[in-house]
Amino acid sequence: MRPILSIKNLSKTYATGLQALKKVDLDIRKGEIFALLGPNGAGKTTLIGIVCGIVTASEGSVTADGHDIVRDYRAARAKIGLVPQELTTDAFETVWATVRFSRGLFGKSPDPKHLEKVLKALSLWDKRNEKIMTLSGGMKRRVMIAKALSHEPQILFLDEPTAGVDVELRRDMWALVRELRDGGVTVILTTHYIEEAEEMADRIGVINKGELILVEDKQTLMAKLGKRRLTLSLTEPLAAIPPELAGWPLELRGDGAELEYAFDAHEQDNRIPKLLRTLEKLGIGFNDLATHQSSLEDIFVSLVARRA
């Protein structure tokens, strides 16, 4: 099946000499939620800007549902909706006028029923006749999402959509994202809330210093890179790990009061029983133990640190 968004050999070097993107190749499947993660300055917003026609690429190509974003700009852009980080809209217009105008920009015929559906889904219907300048920050963010959905895009970019918004909006928005995905809309999001990506995304991409260093199905990534940690709360703190325990990847934490063992959850022989027997022989007691599964955030930090 042809990807709905195809990015080939995409690079961007600014006039200052900053190389924001370095030969990025990425195919996005129709109807998936794709999370693009990376530290500040990694190239996420530049990549989105190029796809959405805001930034000009130095090299490479992008097609949206088969339409080249340069040669067939209008058709490509009509397929794409963008919710940017910044709140940019006419403060003196009403909510209804704003989303109606946004739909018209893409040559779409008026469809009050569609706009009503979008506004109701975002809890904006009761605010439709109010001027945007009178709305709270969270409501303004909802208007930005409504604008992006007004022309019924097949590809929706959410650039840090929940940064600084309330819990209620975050919950409503993710419910809407799932509904859009179920309806066949492809969603690409960047977020600093990695737990959101872990909960929502079908696939994960990690970008760092302009390079796409990993693209993987979320479950495969978690299984491949995820580790478990066994933490033992010691009855007596240790000043150092005894040489008899040199065969295990152990760390002392909490001023020597905790002993941590990292292991692969998928290995049949995780050596935990042998470790506990060895501790007993050495007279090292513990009064509690707990295991922790690596989260997507742990994996992300580890990947970025390797490329630092």
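Reply: Here's how residues are sorted by class: Ala, Val, Leu, Ile, Met, Phe, Trp, Tyr, Cys and Pro count as nonpolar, Asp, Glu, Lys and Arg as charged, and the others, Gly among them, as polar. What you see is a predicted model, where local features need pLDDT of at least 70 and side-chain atom pairs pLDDT 80 or more, while totals for chains, interfaces and linings use all residues. Residues are numbered from 1 along each chain as its sequence is written, and side-chain values use heavy atoms, with hydrogens and water left out.

Me: How many cavities of 30 Å³ or more are there?
Reply: A cavity is a set of points on a 1 Å grid over the protein atoms alone where a 1.4 Å probe fits but cannot get out; a pocket is instead an open set with protein on both sides within 12 Å along at least five of seven lines, and lining residues have an atom within 4 Å of a point. Points are joined across faces, edges and corners, and the space filled by probe spheres set on them is the volume. By this rule, the count of cavities of 30 Å³ or more is three.

Me: Which element supplies the largest share of the lining of the largest cavity?
Reply: Helices (H or I, at least four residues) and strands (E, at least two) are DSSP runs, numbered from the N terminus. Strand S1 (5-13), strand S2 (19-28), strand S3 (33-37) and helix H1 (44-51) each put at least two residues into the lining of the largest cavity. With three residues, the largest share comes from H1.

Me: What about the second largest cavity: which element gives the most to its lining?
Reply: That second largest cavity, of about 40 Å³, is lined by Ile145, Leu149, Leu156, Leu158, Met173, Leu176, Val177 and Leu180. Two or more of these residues come from each of H5, strand S7 (155-159) and helix H6 (167-182). By class, the lining of the second largest cavity is eight nonpolar, no polar and no charged. Giving four residues, the top contributor is H6.

Me: Which element gives the most to the lining of the largest pocket?
Reply: Helix H2 (73-78), strand S6 (80-83), H3 and H5 each bring at least two residues to the largest pocket's lining. One of them leads with four residues, and that's H2.

Me: And the second largest pocket: where does the largest share of its lining come from?
Reply: About 320 Å³ of space lies in the second largest pocket. Its lining has 13 residues, and nearest the centre are His114, Lys117, Val118, Leu180 and Val185. H4 and H6 each supply at least two residues, but the largest share, four residues, comes from H4.

Me: Why is the pair of Trp96 and Trp125 called what it is?
Reply: Rings of Phe, Tyr and Trp (its six-membered ring) pair if their centres lie within 6.5 Å, with planes under 30 degrees apart counted as stacked, over 60 as edge-to-face and the rest as tilted. A search of the whole structure turns up one aromatic pair. In that pair, Trp96 and Trp125 have ring centres 6.1 Å apart and planes at 80°, so the label is edge-to-face.

Me: How many residues apart in sequence are the parts that this pair ties together?
Reply: Trp96 sits in helix H3 (residues 95-105). Trp125 belongs to the loop between helix H4 (112-121) and helix H5 (137-149), so the pair links parts whose separation in sequence is 29 residues.

Me: Is Trp96 buried or exposed?
Reply: Buried means under 20% relative accessible area, exposed over 50%, and partly exposed in between (1.4 Å probe, protein chains only). Trp96 has 19% relative accessibility, so Trp96 counts as buried.
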